[in-house]
Protein chains: 2
Amino acid sequence: MTYNVAINVMPLKDLLDPQGKAVLGGLHNLGLNNVQDVRIGKRITLQVEAADEASAIQLAEQAATKLLANQVMEHFEISIL
Amino acid sequence: MTYNVAINVMPLKDLLDPQGKAVLGGLHNLGLNNVQDVRIGKRITLQVEAADEASAIQLAEQAATKLLANQVMEHFEISIL
């Protein structure tokens, strides 16, 4: 069966996110002063062929750990769409 | 109140996603041949100060349309975390 799986890769909470800080400044310049913090990560959607949901998630986990996420600086979450 | 809002910005379905294609090739090289398609977008989390969920979502929508998403090439989804 074909599953659509999403992987969200975000910078770890304890690390600075300079891209997020820049966007926060941009939003304040646009007048959106109620935004207090911004963090920017990646969202990757995979279409995978797998026997069941568990194997689809396992495949996405392999993709994330081997290629998509740098676990020194980022954490990831996987969900079936 | 403080709300955490996530904005997922993805390339439109009808558009090529060269970054996704490159990652697909990389995953196949790693032996993950059951991955059939990859699309790569951004995930932005905002911490916003708002009276209620509806205003938090409205603020995120403004941020997305004014700065974060290019609606010619991308679509976005907003969710409260």
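Which residue in E2(B) is the bridge partner of Gln47(A)? That partner is Asp37(B), and the views below show the setting of this pair. This is a predicted model, in which local features need pLDDT of at least 70 and side-chain atom pairs count only at pLDDT 80 or more, while totals for chains, interfaces and linings use all residues. Residues are numbered from 1 along each chain as its sequence is written, chains are lettered from A and ligands numbered from 1 in the order in which they are written, and side-chain values use heavy atoms, with hydrogens and water left out.

**View 1. Strand E2 of chain A meets E2(B).** Strand E2 of chain A (residues 35–49) pairs with E2(B) in the antiparallel sense over 13 bridges. Strands here are DSSP runs of E with at least two residues, helices are runs of H or I with at least four, and both are numbered from the N terminus. Two strands count as paired if DSSP finds at least two bridges between them. Look also for Arg39(A), which stands opposite Thr45(B) in E2(B).

**View 2. The contact draws 30 residues from chain A and 30 residues from chain B.** Contact means heavy atoms within 4.5 Å. About 2,700 Å² is buried between the chains, with carbon and sulfur atoms giving 63%; this is the accessible area (1.4 Å probe) that two parts lose on being put together, summed over both. Between chain B and chain A the count of salt bridges is 0. On chain B, strand E1 (2–11), helix H1 (18–29), strand E2 (35–49) and helix H2 (53–68) each supply at least two residues of the side that touches chain A. The largest share, 15 residues, comes from E2(B).

View 3. The RMSD is 0.0 Å and the shift along the axis is 0.0 Å, which is the relation of a two-fold axis. The copies are superposed by least squares on C-alpha atoms of residues with pLDDT of at least 70 in both. Of the residues of chain B, Lys42(B) comes closest to the rotation axis, at 2.2 Å (C-alpha). The same surface serves both copies, as 100% of the contact residues of chain B recur in chain A.

**View 4. Inside chain A, Asp37(A) and Lys21(A) form a salt bridge.** Their side chains meet at 3.5 Å, N to O; a salt bridge is a side-chain nitrogen of Lys or Arg within 4 Å of a carboxyl oxygen of Asp or Glu. Asp37(A) lies in strand E2 and Lys21(A) in helix H1 (residues 18–29) of chain A, so the pair ties together parts 16 residues apart in sequence.
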